[in-house]
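Visitor: Please walk me through this model feature by feature. I would like the general idea, then the case at hand.

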Amino acid sequence: MDKRDYPAIVILTGAGISRESGLETFRDADGIWSKVRIEDVATPKAFARDPEGVHEFYNARRAGLTAGNIVPNAAHVALARLEAEWPGEILVVTQNIDDLHERAGSRNLLHMHGELLKVRCGLCGDLADWTGDLGVGVRCPDCGEAGALRPHVVWFGEMPLEMERIYENLERCGLFVSIGTSGNVYPAAGFVAHVKQAGGQTGRAHTAELNLEPSEGASHFDETRYGPATKVVPEYVGKILSGGWGT
């Protein structure tokens, strides 16, 4: 069969897929936003008001991500396997700012909310890999100016990245799978409705939610499977590769 005979797949991932790797989620009862105010660390105004405080928050998260005990889990590995073995198009769109998909082997990947292990210069726009601490006095590796570097993370009030490319893929996919998301953060929460409206390349696209528990948008999906990501994601990847999805 020609590659075009296989439905294109778009997979959306959220914090739930990385939870079993030891990373905190944001919106659970014990998640990050229950301990830190969004207004203090995750908005452009917060950075303008207290850049050192914002840097301190992201420095701690960066150090946690690069700790040796944080590694990809079976769900990340299963998605990398799907990309390697699926003959058609596949795109993973992640809301996560960690690098666990990359470490597991995913390559066709978009970080719509940015990447924790990168920094961006507000003056020259340079993007650089960054694994250590960041502070106000650090100079941009490209333009040399101090005080202009910020985490390459989309804050509340800012536009997510790569939206045009994401919607292009959503509109032609034949299968959309949402994994580990709360279903209450837009625009990602609206992706399933967009897919169903667009119809996909082979008629009405199939949609599936894989989650620990039903998301706020669970009723919009054709198929739902609930349980730990390390269990339900490898099982569903096996189903896709055996040709059994949508049944």
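Guide: Start with surface. Accessible areas come from the Shrake-Rupley method with a 1.4 Å probe; for residues, only the protein chains shown count as cover. Here the chain exposes about 11,500 Å². Carbon and sulfur atoms supply 50% of that area.

Visitor: What ground rules apply?

Guide: This is a predicted model, where local features need pLDDT of at least 70, side-chain atom pairs count only at pLDDT 80 or more, and totals for chains, interfaces and linings use all residues. Residues are numbered from 1 along each chain as its sequence is written, and side-chain values use heavy atoms, with hydrogens and water left out.

Visitor: How many helices and strands does the chain have?

Guide: Helices (H or I, at least four residues) and strands (E, at least two) are DSSP runs, numbered from the N terminus. The chain has eight helices and nine strands. Its radius of gyration is 19 Å, close to the 18 Å that the globule rule gives for 247 residues, so the chain is as compact as a globular protein of that length. The radius is taken over C-alpha atoms, and the rule is 2.2 Å times the number of residues to the power 0.38. Along the principal axes, the C-alpha atoms fill a box of roughly 55 × 35 × 35 Å.

Visitor: What share of the residues counts as buried?

Guide: Buried means under 20% relative accessible area, exposed over 50%, and partly exposed in between (1.4 Å probe, protein chains only). Of the 247 residues, 49% count as buried.

Visitor: And contacts?

Guide: A contact means heavy atoms within 4.5 Å. Take the contacts with a separation of 6 or more: residues 24 or more positions apart account for 64% of them.

Visitor: How far apart are the mean positions of the positive and negative charges?

Guide: Lys and Arg count as positive, Asp and Glu as negative; His and the chain ends are not counted. Each charge is placed at NZ of Lys, CZ of Arg, CG of Asp or CD of Glu. The chain has 24 positive and 34 negative charges, and their mean positions are 2 Å apart.

Visitor: How many salt bridges does a search of the whole structure find?

Guide: A salt bridge is a side-chain nitrogen of Lys or Arg within 4 Å of a carboxyl oxygen of Asp or Glu. The search finds 11. One of them pairs R81 with E85, at 3.2 Å from N to O. These two are four residues apart in helix α4 (residues 74-85), about one helical turn. R81 is partly exposed at 38%, and E85 is partly exposed at 45%.

Visitor: Which residue forms a salt bridge with R225?

Guide: E223 does, at 3.3 Å from N to O. R225 is partly exposed at 28% relative accessibility. E223 counts as buried, at 11%.

Visitor: Where do E235 and K231 lie?

Guide: Both lie in helix α8 (residues 229-241), four residues apart, about one turn. Salt bridges that share partners also join R37, D40 and R49 into one network.
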